[in-house]
Amino acid sequence: MTTATDLPARPALAASARLAAAILPVAVTAYLGSVSTQENIPTWYEGLSKPSFNPPNWVFPVAWTILYTMIAVALWRLLGAMPQTGPSRWGWWLALVVFLVQIALNAAWSPVFFTAHAIGTALVVVVALLVMVLWTIRLTARFDALAAWLLVPYAAWVAFATILNAAILRLN
């Protein structure tokens, strides 16, 4: 019996388009996060009560740079693993859509938390993000195990961010 992982795969896009398609949504997300946080870190965010486990501010850009790189590589790999035929092709499209939805939720969190100062709404966004990242890992694993594993540290960081967001909401 043939499984989805046994089916021949092909890149969904030509090499340069695939690279751009993997980098562009992640770069836009990183840009939105940066723009949303820069002015608010030294002002609004500094004034919030934070839990004892809140990392120093320098940790966040370092962690996100590493994670965004891993996310882009995972997306690049998923784009390269599109089944040529068969019912698993629908599953690949689902994995891609879910991947892009979690990137959109990631892009939404910083403006909601830092720009709108909506800590409670941001908690809803980050919980949805965590669910979507976990679903992305599950769906992506079917087509590229390494791509799925590249997303595991991201899921761990988003889980931590969810706890941190909840603690900040409780304290403020």
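Me: How do you know that the protein has 6 helices and 2 strands?
Reply: Helices are DSSP runs of H or I with at least four residues, and strands are runs of E with at least two, numbered from the N terminus. Counted that way, the protein has 6 helices and 2 strands, in the order β-α-α-β-α-α-α-α along the sequence. This is a predicted model, where local features need pLDDT of at least 70, side-chain atom pairs count only at pLDDT 80 or more, and totals for chains, interfaces and linings use all residues. Residues are numbered from 1 along each chain as its sequence is written, and side-chain values use heavy atoms, leaving out hydrogens and water.

Me: What makes a residue count as buried, and what percentage of the 172 residues does?
Reply: Buried means under 20% relative accessible area, exposed over 50%, and partly exposed in between, with a 1.4 Å probe and protein chains only. By that rule, 43% of the 172 residues count as buried.

Me: Why is the largest pocket lined by residues that divide into nonpolar and polar, with what number charged?
Reply: Ala, Val, Leu, Ile, Met, Phe, Trp, Tyr, Cys and Pro count as nonpolar, Asp, Glu, Lys and Arg as charged, and the others, Gly among them, as polar. Sorted like this, the lining has 17 nonpolar residues, 11 polar and no charged.

Me: Which helices supply at least two residues each of that lining?
Reply: They are α1 (15-38), α2 (59-79), α3 (88-115), α4 (119-141) and α6 (152-171).

Me: What are the dimensions of the protein along its principal axes?
Reply: Its C-alpha trace spans about 60 × 30 × 20 Å.
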